[in-house]
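Biologist: I have a structure open here and would like to go through it with you, piece by piece. Could you take my questions as they come?

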Amino acid sequence: VSSSMVVLEPSLWSFTLWGEDLIATRRDGGTYIWDATNGTDTRAIALSNAPTNALLSLVSIPDRHVICFGADDDPLLVKWSSQEANTTWSALATNTAGSQPLEVGHRIVAIQQTRDQILIFTDEALFGMVFQGPPYTFGFRAIATSCAPVGQNAAVEINGAVYWMGCGHFYIYSGRVQPIPCPVRDFVFDDLSEDFQSISFGGTNRKFTEIWWFYPSSEATSPDCYVA
């Protein structure tokens, strides 16, 4: 098509392990599974009965549910398969499949597994998702508001704490959300591309106990700067 002023979200993927197999979800697209026993010359296939449209996916640890976030064209719906059964998604009294809509925000931005819960970031709030067993399988609680990350890969977990690059601040969650003092904060966020900030991503250098974020500057369409 001809060029326009319309900016579309990039086709970001989330990856999670089901044993030795790989489950992958294309943001605002389908969820697929690659069977390692078939070898590297085989393609991933659609995960049977999983939501046909989702934003992110994750296998919960240690209870092993496949969870799709922003499922079934509802950007705030969390939906999960039955325990140890990645193709069973219809909730029945005889399984642990289910779903839960979140109440604050317009869409789920990012997720992060921690030692004792899954953190779910919407564009307006942070929720904790905890496995609690039958009859509800998972419990949800609101943790904080106004601390959304810039993109789905902007949150990093290390030593039980979660750090992320937010919209205007860097944050840490280790029981409560706190902004991280940063002497270069204005330099970073004044130069961050508003249109392409969602492709920013974080990573760790554990040898030196460092966290790095790579982000696109105001004149870039892909990450060309970093802050550590």
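Biologist: Leaving aside its neighbours within four places in sequence, which residues is Q113 in contact with?

Modeller: This is a predicted model, and in it Q113 is in contact with L58, V59, S60, I61, I118 and E157, once the neighbours within four places in sequence are left aside.

Biologist: Is Q113 buried or exposed?

Modeller: Q113 has a relative accessible area of 18%, and because buried means under 20%, Q113 counts as buried.

Biologist: Which strand is Q113 in, and what does Q113 stand opposite?

Modeller: Q113 lies in strand β9, and the residue standing opposite Q113 is I118 in β10. β9 and β10, the latter covering residues 118–122, run antiparallel and are joined by five bridges.

Biologist: What sheet do those strands belong to, and in what order do the strands come?

Modeller: The sheet is an open one of four strands, with the order β9-β10-β11-β12 and antiparallel pairing. β9 (108–113) and β12 (137–145) are at the edges, and since each has a single partner strand, one side of each is left without a neighbour in the sheet. On average, and ignoring direction, neighbouring strands of this sheet are turned by 25° against each other.

Biologist: Staying with β12, what is the phi of T137?

Modeller: T137, which has its place in strand β12, has a phi near 70°, a positive value in a residue other than glycine. T137 also counts as buried, at 4% relative accessibility.

Biologist: Okay, peptide bonds next: is the one from I61 to P62 cis or trans?

Modeller: The bond from I61 to P62 is cis, with omega near 5°, and P62 is found in the loop between β5 (56–59) and β6 (66–69).

Biologist: Switching to N95, where does N95 lie, and is N95 buried or exposed?

Modeller: N95 lies in the loop between β7 (77–80) and β8 (98–101), and with a relative accessible area of 17% N95 is buried.

Biologist: What does the side chain of N95 reach?

Modeller: The side chain of N95 reaches the backbone nitrogen of L92 at 3.0 Å, and a polar atom of that side chain lies 2.9 Å from the backbone oxygen of S90. Leaving aside neighbours within four places in sequence, N95 is in contact with S82, T88 and S90.

Biologist: Zooming out, how many helices and strands does the protein have?

Modeller: The protein has one helix and 19 strands. The radius of gyration is 18 Å, close to the 17 Å that the globule rule gives for 228 residues, so the protein is as compact as a globular protein of that length.

Biologist: And what share of the residues is buried?

Modeller: Buried residues make up 45% of the 228 residues, while the protein exposes about 12,200 Å², of which carbon and sulfur atoms supply 51%.

Definitions and conventions:
Residues are numbered from 1 along each chain as its sequence is written. This is a predicted model: local features need pLDDT of at least 70, side-chain atom pairs count only at pLDDT 80 or more; totals for chains, interfaces and linings use all residues. Side-chain values use heavy atoms; hydrogens and water are left out. Two strands pair if DSSP finds at least two bridges between them. Helices (H or I, at least four residues) and strands (E, at least two) are DSSP runs, numbered from the N terminus. Axes are lines fitted to C-alpha atoms, for helices over the stretch in contact, and angles run from 0 to 180 degrees between N-to-C directions. The radius of gyration is taken over C-alpha atoms; the globule rule is 2.2 Å times the number of residues to the power 0.38. Buried means under 20% relative accessible area, exposed over 50%, partly exposed in between (1.4 Å probe, protein chains only). Accessible areas come from the Shrake-Rupley method with a 1.4 Å probe; for residues, only the protein chains shown count as cover. Contact means heavy atoms within 4.5 Å. A polar contact is a pair of N or O atoms within 3.5 Å; within protein, one must be able to donate a hydrogen and the other to accept it, and residues adjacent in sequence count only if both atoms are side-chain atoms.
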